[in-house]
Amino acid sequence: MAEQNIKEIIKQEFIKCAKDPVYFMRKYYWIQHPQRGRIQFNLYQFQEKVAYLFQKDEYLIINKSRQLGISTLVSAYSLWLMLFNQDKNILVIATKQETAKNMVTKIRFAYDQLPAWLKVKAIEDNRLSLRLANGSQVKAVAASADAGRSEAVSLLILDEAAFIDNIDVIFTAAQQTLATGGQCFAVSTPNGASNWFHKTYVKAQLNENKFIPLSLPWTVHPERSQAWRDEQDKTLGVREAAQECDCNFSTSGATVLEPDTINWYEATCIQEPIQRRGIDGNIWIWELPDFSRTYAVVADVARGDGKDYSSFHIIDIELAKQVGEYKGQMDTRDFGNMLVGIATEYNDALLVIENTGVGWDVVQTAIQREYRNLYYSPRSDSAMSGVEAYMAKFDKGDNMVPGFTTSTKSRPLAIAKMKTYMQEQSCIFQSKRLLEEIRTFIWKNGKAQAQDGYNDDLVMPWAIGLFLRDTTLRFQQSGQDLARATLGSMGKTNYGYQVYQPTAANGQNPYQMENPYGQSEDISWVL
């Protein structure tokens, strides 16, 4: 073959590699397989898709199953970035220097296998770094507070991010070096729910940060079968296998709801809202009002210290189904006005406002607006708190106060009712925000509460709504039964009314009655 043709072939091949990282990886990236030895990196389809995401997205957070080859994929992308770009600085941070070194080792091995025409001369090559003559380099460091602080980083790789201590401090320091357009890949299997990796992943799912969330459970691997997965349960234990294989954050054993229950809701019920309302888009709507349905709006009011959020759920009472939700921070008076507006929109829904703490101000707003379907609860049998004493002036009689009073008695009852409903799968919620709060709702010192660093602003009004649902329906059904019984007896009394019985011939309304004056009157409105 003529020298001219060889040069042209090499040129075209170089261009293909530069344009397409997957092409480069498949043909020129070699790996050391633990069983098969030195082999080409023959990517699976799911790995190809992830590789193209590397090229497209600046910030990726990957919640992955074990042994999917994602670390190898990251190393292959890193070498591609170094070879075909100048002055790319790649920094690998892991829990220990030895762990971070593993990725550099993969890159160095693959670099050594490259054909001469693809190589860029290495001017520094050691256990922890590889630096090329074009100014690009990769370096491995152990996690520390100042890791990456002075680096001008093009790509920051946080390897096994869920296991890095003080990673929030590390990321904050390193992020400043990415401000000019660098990339960050946070890759890990889960490690429970109380860490930077989980919080960042959840916020990414809710579009509250720059990261694109990616979940890669064991099922994406084409060579894995259910038999393999079952074997992992035997080898690792059920909870550990759920974490290592299923990308499951809820494996601490302390969650109020069992992981299987949480996973069922995630797989079956979670939906994107059809509307996002409000200035901040924090009112999420899944179903618009249906005038044949009965609703409750159940609200919790933030303490006002900036750490908690005011929230509410719109619940279809009969179906025990969440059809709307809000979580945000606003003035109590504005929140009260918003609640009245939403409750009015949803067929004058039963408005339940948790009245503890600053909740009284929201309750007062609803009263001042003369909202006609406000929930009242029995006053505590114990001595009145300051709030109860204040609200005594709103006393509706029979020892009742406006709003729902959360007490040492009512709170555990509401949580127990929520747990029962959810374990029996007899309620429906559709919110990712609520799902993530439930994941971190744990038993701590014998009390059900949010894990440190999290909140239960959506959990508690959901629990209260389910707790009140039985009572609400019981009273509603009793009223309907009483009305029907009364109407049914009218044809047998001396009240002067006679109920028409519908027949195939006349097809009339059974509640169309004739009064003593010979006038026809439809009294079905009583129902």
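User: Which helix gives the most to the lining of the largest cavity?

Analyst: Helix 16 does, with 5 residues. A word on the model: it is predicted, local features need pLDDT of at least 70, side-chain atom pairs count only at pLDDT 80 or more, and totals for chains, interfaces and linings use all residues. Residues are numbered from 1 along each chain as its sequence is written, and side-chain values use heavy atoms, with hydrogens and water left out. As for helix 16 (459-489), this helix, strand 13 and strand 16 each supply at least two residues of the lining. Helices (H or I, at least four residues) and strands (E, at least two) are DSSP runs numbered from the N terminus.

User: What makes this space a cavity, and what is its volume?

Analyst: A cavity is a set of points, on a 1 Å grid over the protein atoms alone, where a 1.4 Å probe fits but cannot get out; lining residues have an atom within 4 Å of a point. By this rule the count is 1 cavity of 30 Å³ or more. The volume of the largest cavity is about 80 Å³, where volume means the space filled by probe spheres set on the points, and points are joined across faces, edges and corners. It has 11 lining residues, and the closest to its centre are Ala296, Ile317, Gly465, Leu468 and Arg469.

User: Why is glutamine 47 called buried?

Analyst: Buried means under 20% relative accessible area, exposed means over 50%, and partly exposed is in between (1.4 Å probe, protein chains only). Glutamine 47 has 2% relative accessibility, so it counts as buried. This residue belongs to helix 3 (residues 45-56). Leaving out residues up to four places away in sequence, glutamine 47 touches Phe41, Asn42, Leu68, Gly69 and Leu73; contact means heavy atoms within 4.5 Å.

User: What makes the phi of cysteine 247 worth a look?

Analyst: Phi is positive there, about 60°, although cysteine 247 is not a glycine. Aspartate 348 also has a positive phi, of about 55°, and is not a glycine. Most residues other than glycine have a negative phi.

User: How do you know that helix 7 is mostly covered?

Analyst: Helix 7 (residues 196-205) has 10 residues, and 7 of them are buried. The buried ones are Trp196, Phe197, His198, Thr200, Tyr201, Val202 and Ala204. They pack against several elements, including strand 3 (59-64), helix 6 (167-175) and helix 15.

User: What makes the largest group of nonpolar residues a core, and how many residues has it?

Analyst: A nonpolar core is a set of buried Ala, Val, Leu, Ile, Met, Phe, Trp, Tyr and Cys residues joined through side-chain atoms within 4.5 Å. The largest has 50 residues, and Phe24, Met25, Tyr29, Phe54, Ile70, Leu73 and Leu79 have the most contacts inside it. Helix 4 (residues 70-83) gives the most to this core, with 10 residues. Apart from it lies another core of 35 residues, among them Leu257, Val298, Leu434 and Met460.

User: Why are strand 11 and strand 16 said to stand at the edges of their sheet?

Analyst: Two strands pair if DSSP finds at least two bridges between them. The open sheet of 6 strands has the order 11-12-15-14-13-16, with mixed pairing. Strand 11 (275-277) and strand 16 (350-353) each have a single partner strand, so one side of each lacks a neighbour in the sheet.

Technical notes. 1 Å grid on protein atoms, 1.4 Å probe; cavity = no way out; pocket = protein on both sides within 12 Å on 5 of 7 lines; lining within 4 Å.
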